[in-house]
Amino acid sequence: MKRFIILLAAALLLPLTAAAQSATMYKDPFCGCCTGHAEYLRENGFDVTIVETPPEKLAAIKEKHQVPPALQGCHTLLVKGYVVEGHVPVEAIEKLLAEEPDIIGVSLPGMPLGSPGMGGLKTAPFQIMTIGGDGGVFAEI
């Protein structure tokens with residue numbers, strides 16, 4: 001009987017814990033690696049809405065969200081009030097959402113090989129940088 005109650009409780013709570021985190025990705029309509037990053041995020045529990053955006057409007061979105069040129073990636077993700085710039089691994093996004101630091105967001109600048117959504121082999125740890133705050137390293141993955 002005790003086992004039945006535990007299983008029933010788990011079944012009832014599962015929908016509460018399995019809710020996907022909503023995110024909006026702004027990307028160039030012709031960028032396949034951005035779509036790859038969105039798929040990677042979906043596979044890791046995020047509900048990603050893609051907004052295809054011409055390059056000039058994408059630049060304006062980055063500027064609006066205070067992403068410095070040195071930290072820009074090929075797409076911008078907005079999640080839970082934070083900016084996630086580029087091909088940031090899910091571990092860093094989950095850390096950001098769990099810790100809720102007083103920063104604008106995080107960035108993996110450029111398009112590093114081996115990052116989620118990109119092809120190629122990872123040759124070194126990725127340095128995920130903070131946007132805002134001290135501007136330092138947020139995570140190394």
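**Exercise 1. Work out how much of the contact pattern in the protein chain comes from residues 24 or more positions apart.**

Step 1. Among contacts (heavy atoms within 4.5 Å) with a separation of 6 or more, residues 24 or more positions apart account for 52% in the protein chain. Before going on, note that this is a predicted model, in which local features need pLDDT of at least 70 and side-chain atom pairs count only at pLDDT 80 or more, while totals for chains, interfaces and linings use all residues. Residues are numbered from 1 along each chain as its sequence is written, and side-chain values use heavy atoms, leaving out hydrogens and water.

Step 2. Helices (H or I, at least four residues) and strands (E, at least two) are DSSP runs, numbered from the N terminus.

**Exercise 2. Find the largest nonpolar core and name the residues with the most contacts inside it.**

Step 1. Recall the term: a nonpolar core is a set of buried Ala, Val, Leu, Ile, Met, Phe, Trp, Tyr and Cys residues joined through side-chain atoms within 4.5 Å.

Step 2. The largest such core has 29 residues, and L77, I93 and I128 have the most contacts inside it. Elements that each supply at least two residues of this core include β1 (21-27), α2 (32-43) and β7 (137-140).

Step 3. Look around I93: not counting residues up to four places away in sequence, I93 touches L41, F46, L77, V79, V84 and V88. A second, separate core of five residues includes V67, L71, M129 and I131.

**Exercise 3. How many disulfides does the structure hold?**

Step 1. Apply the cut-off: a disulfide is a pair of cysteine sulfur atoms within 2.5 Å. The structure holds zero disulfides.

Step 2. For C31, the nearest cysteine sulfur is that of C34, 3.0 Å away. C31 has a relative accessible area of 17%, so C31 is buried. For C74, the nearest cysteine sulfur is again that of C34, 3.5 Å away; C74 is buried too, at 15%.

**Exercise 4. Which loops hold Q66 and K80, and what are their phi values?**

Step 1. Start with the background: most residues other than glycine have a negative phi.

Step 2. Q66 is in the loop between α3 (55-64) and β3. Q66 has a positive phi of about 60° although it is not a glycine, and at 56% relative accessibility Q66 counts as exposed.

Step 3. K80 is in the loop between β3 and β4, with a positive phi near 50°. At 46% relative accessibility, K80 counts as partly exposed.

Conventions: Buried < 20%, exposed > 50% of the residue type's maximum accessible area, 1.4 Å probe, protein only.
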